[in-house]
Amino acid sequence: MKAPVIELEHVTYTYEMETRPALNDLSLLVEPGEWVAITGRSGSGKSALCQLLNGYLPRIGGGEREGVVRVGGVDPLEAQIAEIAGRIGIVFQDPDAQLVQGRVEDEVSFGPENLRVPALEIAGRVNEALAAVRLTEQRTSSVHALSGGQRQRTGIAAVLSMQTPIIVFDDAASSLDRASREQLLALLQQLHAEGRTLLTVSSRVDDIAAAAGRLVVLEGGTVALDGPAEELVRTRRDRLVQLGVLPQGAQPSAAAGAPQGKAQPGPAGHGTAAQPSASASAPRAKAQGPAGPAVSPLLELRNLAFRYPGSAATVLRGISMSLRPGEWALICGENGSGKTTLSQLLMNLLPMPKGVLFWEGREASRMKTYELAEQIGYLFQEPEHQFVTSNVLDEMLYGPRLDMSLEPGAPVPEEVMQRAESLLEVAGLGGRHDASPYLLSGGEKRLLGAAAQFMSRKKLYVLDEPTAGTDYAGAKVLTNLCRTASEEGAALLIITHEPEHFEDEADTIFTLDQGELRRSPLR
Amino acid sequence: MRITRARSRFVLQKFDPLSKLVALISLAALAMHWNNPLLLAIMLAFLVAAACLGAGMKLGSLRRRLTFIGGFSLPLFLLTAFAAPGGRVLGAIGPLELTTGGLYDGGAAALRMICLFLSSMIYIASTDPGDFVIMTVQKLGVPYRLAFGVSIALTFLPLLEAEGRVAAAAREIRGGRPARGLRGRMQRVKKHLAAMFTAAIRRVQQTAGAMESKGFGAYRDRTFLREVPLKKKGLIMMLVSVMITAFMWVL
């Protein structure tokens with residue numbers, strides 16, 4: 001056996017302001033050149049593990065670490081910056097958390113410049129890294145003008161250009177479209193073939209995890225399963241389903257070879273204490289879903305064209321669509337195709353042109369966002385953007401308190417409190433009422449954001465990438481929440497790179513391609 | 001092969017950060033030297049035109065920023081007007097006398113503050129922070145850690161502004177109607193500022209972590225992929241700024 005390049009021995013880590021450890025007596029050895037897929041449900045300690053490896057935790061992020069951590073023979077907590085930056089590169093889960101410069105090219109050259117790589121060599125590295133993530137054309141663009149997926153690809157390129165022997169991808173594929181995920185998989189295979197040590201982190205046993213030689217599954221901050229990916233999927237499938245990282249009913253071959261396959265309808269995996277409603281566990285009957293054509297549309301867009309103020313490029317063109325009460329529609333499309341722009345326009349978060357948006361038959365382009373929000377629930381692509389309170393329970397009660405004109409912190413009726421507690425239990429956040437929403441894991445943040453939206457009854461819910469970064473159990477919870485809302489008569493518009501979670505239930509699937517919307521056939 | 005930056009849309013964006021810095025310092029010196037509110041008002045008009053036509057700032061955005069700084073310059077105006085009486089007495093509020101001299105000085109102080117703020121905003125709006133770092137390190141020999149520190153400070157106000165927009169959108173999306181009454185508005189502003197600063201500080205912490213993970217601060221010096229050349233038009237801008245300032249100074 002070669003000397004391990006990553007050594008974790010009896011590591012326990014507790015975040016600042018938390019009492020429960022995120023990692024609990026975790027031990028793990030990784031050999032040089034190994035490709036290890038780290039998976040586990042939301043909150044199992046994956047991101048904490050990654051951030052310990054480059055010293056971000058506890059050096060900058062705070063908290064308390066016990067046990068031994070060595071990366072390339074040095075302890076990241078005590079090592080010099082150059083020692084760590086030259087050994088390990090990390091692509092963070094949140095694209096905005098890793099971009100430090102204004103322009104794509106500056107982002108990608110930033111690491112090598114800090115490590116005093118000559119300009120000529122940096123130029124070559126930048127060209128290669130941008131080509132690898134298909135961002136050569138965006139080289140001089142501002143990172144703020146890119147879509148979420150494009151920003152994530154910029155983050156990947158910024159780490160690639162550092163050419164470190166170890167690279168960690170912390171759920172880096174969660175905001176990527178299918179083509180970009182496939183391209184990332186090919187890139188990982190190439191890096192592995194070059195002899196790099198790779199740690200790919202995800203909340204599910206997806207195609208990237210399945211392609212890794214070794215699969216490590218975390219539960220409660222410690223290693224629950226560790227072994228060859230293919231063998232574990234074949235022999236420990238029930239346990240993987242129980243851990244929330246495989247969909248219920250998935251066949252081993254499908255999960256190992258092509259896990260992009262559909263999440264099968266059925267109850268959520270082990271650990272979800274309750275369903276939002278008893279009826280929510282079965283797929284919704286589409287025939288009972290959308291009201292017939294005789295029913296007036298709830299929301300209608302008539303020939304929408306849009307470009308950002310001050311920009312010459314048309315982002316959306318000729319968009320016409322309508323949604324009726326109870327209808328469930330998906331919008332799919334590549335990164336940068338205009339999906340989030342469209343959803344923000346629907347909420348008048350961007351200047352909607354006159355005469356194209358109609359809400360319940362009324363021209364709505366001049367309605368205020370808060371007026372629309374009384375009837376439309378909206379989940380941001382970045383869940384952190386919608387947090388308005390300092391703890392998880394208050395986040396859930398914020399909407400109901402406003403509905404009842406109660407002061408912040410005022411007691412709410414018992415049934416509202418019970419609903420909040422029940423939804424938090426379902427979302428796996430039952431014991432985290434006092435936790436800061438900002439300190440939850442990526443998947444937990446998303447579940448909290450969605451659950452908070454479903455606290456108040458709305459006529460329409462617009463959810464932007466609700467399942468990105470969640471485990472299968474979390475995705476199932478979201479599907480059930482949507483189903484319950486749909487059965488209560490609400491319409492749903494879901495923007496997603498992962499239609500497989502919803503397409504069994506959706507009445508309509510739209511595809512947004514280079515700013516144009518077309519109806520796709522139901523599968 | 002060195003790479004230079006892409007083409008810019010507005011005239012002030014086409015000048016390098018160093019030339020604009022010299023122009024900015026010249027303007028600031030003149031603003032500090034002048035005590036005549038009329039001259040400072042002319043300078044303010046010039047700066048408003050430069051902000052819109054030269055830096056591409058939108059009128060609405062400019063109005064918001066001037067209203068913001070107005071909130072600070074109004075108390076300064078009142079304080080100076082009453083604290084530095086002189087000339088003819090125009091009226092009195094109790095023991096406080098409002099005089100022509102006080103108005104003159106108060107107006108100058110307030111206008112000076114607005115001019116300094118607006119000229120800095122123009123600089124921030126028209127300057128790529130990356131170019132600023134490259135130029136100050138390469139041309140002035142400023143330590144790169146200090147240059148990046150200044151560059152991050154330059155981007156902090158726009159960052160606060162962006163976080164403010166996100167926080168406002170979040171509140172609206174979560175059903176927040178406009179606050180009513182003075183108490184309600186004060187509470188809304190307090191919560192808004194708290195959310196904005198929390199998010200901004202968190203973003204700064206994330207940025208620090210991301211910079212360190214990419215080796216920032218590992219060595220005393222660093223290399224740069226790009227260079228920002230000092231062009232002829234930049235030199236002319238510096239020269240003209242200094243000459244005009246010298247002329248106005250003695251006028």
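A: Asn348(A) sits in the loop that links helix 12 (339–346) to strand 13 (357–359) of chain A. Helices (H or I, at least four residues) and strands (E, at least two) are DSSP runs, numbered from the N terminus. This is a predicted model, in which local features need pLDDT of at least 70, side-chain atom pairs count only at pLDDT 80 or more, and totals for chains, interfaces and linings use all residues. Residues are numbered from 1 along each chain as its sequence is written, while chains are lettered from A and ligands numbered from 1 in the order in which they are written.

The phi angle of Asn348(A) is near 55°, a positive value in a residue other than glycine. Asn348(A) counts as buried because it has 20 C-beta neighbours inside 10 Å. The cut-offs are 20 or more other C-beta atoms within 10 Å for buried, 12 or fewer for exposed, and in between for partly exposed, with C-beta atoms placed from the backbone.

Asp25(A) also has a positive phi, near 55°, and is not glycine. Asp25(A) belongs to strand 2 (residues 23–30) of chain A. With 14 other C-beta atoms within 10 Å, Asp25(A) is partly exposed.

Another backbone feature is the peptide bond from Leu57(A) to Pro58(A), which is cis, with omega near -5°. Pro58(A) is part of helix 2 (residues 56–59) of chain A.

Next come the domains. Chain A is divided into domain 1 (1–81 + 207–229 + 244–261) and domain 2 (391–452), with bounds from an automatic or database domain assignment. Their centres, taken over C-alpha atoms, are 29 Å apart. Five residues of domain 1 and eight residues of domain 2 of chain A take part in the contact; two residues are in contact if their C-beta atoms, placed from the backbone, lie within 7 Å.

pLDDT is the predictor's confidence in each residue, from 0 to 100. Chain A has a mean pLDDT of 86, and 91% of its residues reach 70 or more. Where pLDDT is low, the predicted coordinates should not be read in detail.
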